[in-house]
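Subject: Structure handover

Hello,

Here is the structure for your files. My notes on it follow below.

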Amino acid sequence: MNTDPPIIFLPVLPLDDAVVMPGMSVTLPITNQEESDAIERAVDGHVVLVTRVDGEFAGFGTVAEVEGDLNLPGGMRGVSITGLHRAELGPAEAGGTGALRVGVTERPDPEDYSAEADKLAKEYRAVVEEVAEQRGEAERVGRFLRGIPHPGRLADTAGYAPEIGIDTKLDLLETVDVVERLKKAIEAQRDRLAEASLRRRIREDVNEGMENAQREFLLRRQMESIQKELGDDDAADSVSWRERIDAAKMPEAAETEALRELGRLDRQPEGPEASTIRTYLEWMVSIPWSVLSEDQLDIDAAREQLDTDHAGLEKVKERVLEYLAVRKLRKERDMDEAASGVILTLVGPPGTGKTSLGRSIAKSLGREFSRMSLGGIRDEAEIRGHRRTYVGALPGRLVRALRDAGTRNPVIMLDEIDKVGSDWRGDPSSALLEVLDPAQNDTFRDHYLDVELDLSQVLFIATANVTDTIPPPLLDRMEVIALDGYTEMEKVEIARGYLLPRQIETNGLRPDELSVPDETIRRVIGDYTREAGVRNLERQLGTIARKTAVEITGGETAAVTVAPDDLSDLLGRQKYFDEAAERTARPGVATGLAVTGVGGDVLFVEATAMSREGRGNDALVLTGQLGDVMRESGRIALSWVRSNAESLGIDSDEMAGRDVHLHVPAGAVPKDGPSAGVTMSTALASLFSGRSVRPNVGMTGELTLQGRVLPVGGIKQKVLAAHRAGLTEVIIPERNRGDLEDVPEEVREELTFHPVLTLEEALDVSLEKTGAPTGLGNRS
C-alpha cells in the first residue's frame, strides 16, 4: 500500500528574497499580475508560497491560507496570509494558463514528538528569550513563545528574525525532521545572541564614553566659571589647550605627554610652575608634528632652478639631482622615503656660496629652509635642549628650527659645523652624532620636550671651511662635497649675473645707470681681491655702486661706465701684486702651494746659510710659526740635500761649515702639514747650488729621506691658487695626477703640470739651468 501523501496542485505566489515559515501570519503586497492571478486562483483559499532567489525557485514552499484582502497605504492592494505547513514542490501543471500551478506534497509536522524534541524546545525558548532581553522585549516575546506548545512550530518562529539570513531560513524550511530543525534553529538563534551581545557592549561603551565626555565637559565648564569668579583667567583656557593639542596631530606618545602636562596645569594654582607648564605646552603645539611639504620631484625644473641661482658647482648640483631622483623612484614604487636619508656637507673656503646653495637646494625641492649657526657653541644643550628642571629651560636649536620652518621635512643647514667646540658643559658634536645618522634620527629625543621627535624626513646640509676640526665619528656620517673655489672666468660670470645686479638693486640704482665691463671685473678680481670665493669681490662691487650713487644723486652724470683705469679712484691703490718673480729672483727662495681655511694660497720658503762660528751646534733654524710636521719636513729636506750634494753640484765641505735658516712668511700665521717638503728641498738646493728657482713655477708634495715625492691633498685648491697668483707651471706628485680631473678645464689649459716621482725630477723642472757658483747665494 502507498502511504505517501497525495500530490495536489496549487497556484504559486512567489516571494522574492523572503521566506514565510509555517505558523507565520504576514501581510503581502500584490504588486504585479502574476501575484494577483495566484490569489484569484487559490484552491479552497490555499496557495503555495515559494521563495525565489536570483530568479530560481526553492525546492520547498509553505502551503498558506489567504485570509482576506487589505488596502495598504498609497492605495496598494494587499492580502493577509497565514502559513499552514511546509510542502515539497513537484512538477508544474502542463498547459495551464494564468498563474503558475505546481504539484506539492504536504509535509505537516506530526502531532506527537519525542522527549529530545521537548528538551530542545526548552533550550530554544531560553536562547530566544535571552536575545529578547538584550533588546528589551523579554516579556512580550516570552508570552508569544509560551503560546506555541509544539516543538516544530516553535522552531519555525525563527522565520520572524530579520537577522537570520535567507539561506538559513530556507534550510530550516527544507528540514522536515523536528529534532534536526530545532538544532539548526538553536544554532541560528545563538548567532543572533552573540551579535546582539556585541551590539549591546558597543552601545554601552559608546554611551559610557558619551556620558564621561558630557560629565567632563560640564565639570570643566563649572571649573571655568569658578576660576573666572576668582579672576584666574589664565587657567581657564584648558579647553582651548585641549583643542590645540588635538589640532597638532601629535604622535600618541607626544599627545599623552601633552595631556598629562595639561592635567597638571588644571590642578596647578597660578604661579611660576603653571607658567612653566604653559611654556612647555606652547612648544608642544607649535611643532609641526604632521605637516609635510610636498617635494617637487621634477628633475628638469630642479636643474633649472639650481643653474639660475648658481654658476658652476656642477658636482654639488649633480648630487642634489641624484637625491631627487632617488626620492622620486622610492615614491613612485611605494617605498619608504625616509630610508633614503642623506647628510650633505659642503666644505670650502668662505665666500664660495655654501649657505646660498643650501637655500637654492630647498627652493628646488619645494621645501622650507632653516639655518642653524653652530659656530662657537660649546653647550650640548644647544642641540638637545635643557631639561625642564632648569630655570629658563628651552628646547634645542633643532626643535626651534623645525618650529620656524613650519614643516616636518624642511632643509636645515648646520652652518659652520667645523667650529663646534666643547667644554665642561658637554660636547655638542657628540649630540650631533644621533642627529646626523639616518638610522637613528627618527627617534631623536630633545631633553626639554622629553618625547621622541622624527627627524628622518629632514634634509640636513652642513657647511664647513675645513674637515680637520670635525670629529672623525661625526665626519663619518657625512657625505662631503668640496667647494674648492672659483676660477677667474667663473668669478666674472658670477659677478656679471648675480653680484653686480644685486649690488645695483641694494644701492638704489637702475640697471642702466651702472655698467661694469668684464675687463674691469677681471682687474678687480686680480688687483683688489685674492680669495677662493667671491665675498670680497661683492664688497668691492658694492663700493663701486655706492660711489656711483653719489655721482648720480649729485647730478654729475646720469649713467656710469667703469673702465679699468677708473678703479684706482673708486677703490684706492692696488692691493695685490704678482710677486713670485721678484721673490724668487735670487737663489734660496721657492714658491710653494698650500691649503688654508680661506682656500688655496701660495707661500714662499726662504733659505739662507751662515757661518757656524759662535752660533752653537744647531745646524738648522726654522721660523715662521711652523708646526711639528712642517719642522720635520725641513729637517728631512736638509738631510736629503746634504746626502745628495755631489749629484747636485754642491760643495759638501762648504755645507758642513754652515748653519741653515729656513723661514716661511708670514710669521704671524701658524702653518703645518707635510706638503712643504718639496718646496723646502728646492729652496735649499737653490741656495747651495746658486741656481735660482724659476719664477713661474709653484710646487707641492711630501718628501721622504729617499727623495721620493708622496701625494698630498687639496690639489684643486692649490692649482687654483697658483692660477690666481699668475704662475704658469705646477709641480705635483705623480700619484696626484688623477686629481687634475677636478680642476676646471679652462685652468688646466692655461697651466703646465709636472707630475714627479722623485725630488730630482722636481729640481730639473724648478731650478734654472745656470746660476752663481756653489755656495755664493745668500751668504751671511
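In which helix is the place of Leu-198? Leu-198 sits in helix α6, residues 178-229. Helices here are DSSP runs of H or I with at least four residues, numbered from the N terminus.

Before the rest, two notes on the source. This is a predicted model, in which local features need pLDDT of at least 70 and side-chain atom pairs count only at pLDDT 80 or more, while totals for chains, interfaces and linings use all residues. Residues are numbered from 1 along each chain as its sequence is written, and side-chain values use heavy atoms, with hydrogens and water left out.

**Surface patch**

Leu-198 is partly exposed, at 43% relative accessibility. The cut-offs: buried is under 20% relative accessible area, exposed is over 50%, and partly exposed is in between, with a 1.4 Å probe and protein chains only. Leu-198 forms a nonpolar surface patch with Ile-202, Val-206 and Met-210. Together they have about 350 Å² of accessible area. That area comes from the Shrake-Rupley method with a 1.4 Å probe, and for residues only the protein chains shown count as cover. A patch takes residues with over 30% relative accessible area and no salt bridge; nonpolar side chains (Val, Leu, Ile, Met, Phe, Trp, Tyr) are joined within 5 Å, like charges within 9 Å.

**Salt bridges**

Side chains of opposite charge can pair when their charged atoms come close. The structure holds 44 salt bridges. Each is a side-chain nitrogen of Lys or Arg within 4 Å of a carboxyl oxygen of Asp or Glu.

Asp-171 and Lys-184 meet at 3.1 Å, N to O. Asp-171 is partly exposed at 33%. Lys-184 is also partly exposed, at 29%.

Arg-260 and Glu-257 pair at 2.9 Å, N to O. Both lie in helix α8 (residues 252-267), 3 residues apart, about one turn of the helix. Arg-260 is partly exposed at 45%, whereas Glu-257 is buried at 13%. What links Glu-257, Arg-260, Glu-261, Arg-264, Glu-273 and Arg-388? These residues are linked in a network of salt bridges.

Arg-384 and Glu-434 form a salt bridge at 2.9 Å, N to O. This pair links distant parts of the chain, 50 residues apart: Arg-384 is in helix α13 (residues 381-384) and Glu-434 in helix α15 (residues 428-435). Are Arg-384 and Glu-434 buried or exposed? Both are buried.

**Helix packing**

Helix α17 (residues 488-506) and helix α18 cross at roughly 120°, and their axes come within 10 Å. That makes α17 oblique to α18. Helix α18 (residues 518-528) also packs with helix α19 (residues 535-553), at about 120° and with axes 10 Å apart. α18 and α19 are therefore oblique to each other.

Axes are lines fitted to C-alpha atoms, for helices over the stretch in contact, and angles run from 0 to 180 degrees between N-to-C directions. Under 35 degrees is roughly parallel, over 145 roughly antiparallel, 65 to 115 roughly perpendicular, and the rest oblique.

**One more contact**

Arg-242 is in helix α7 (residues 238-248). Arg-242 is partly exposed, at 24% relative accessibility.

Best wishes

Definitions and conventions. Helix = DSSP H or I, 4+ residues; strand = E, 2+ residues; numbered from the N terminus.
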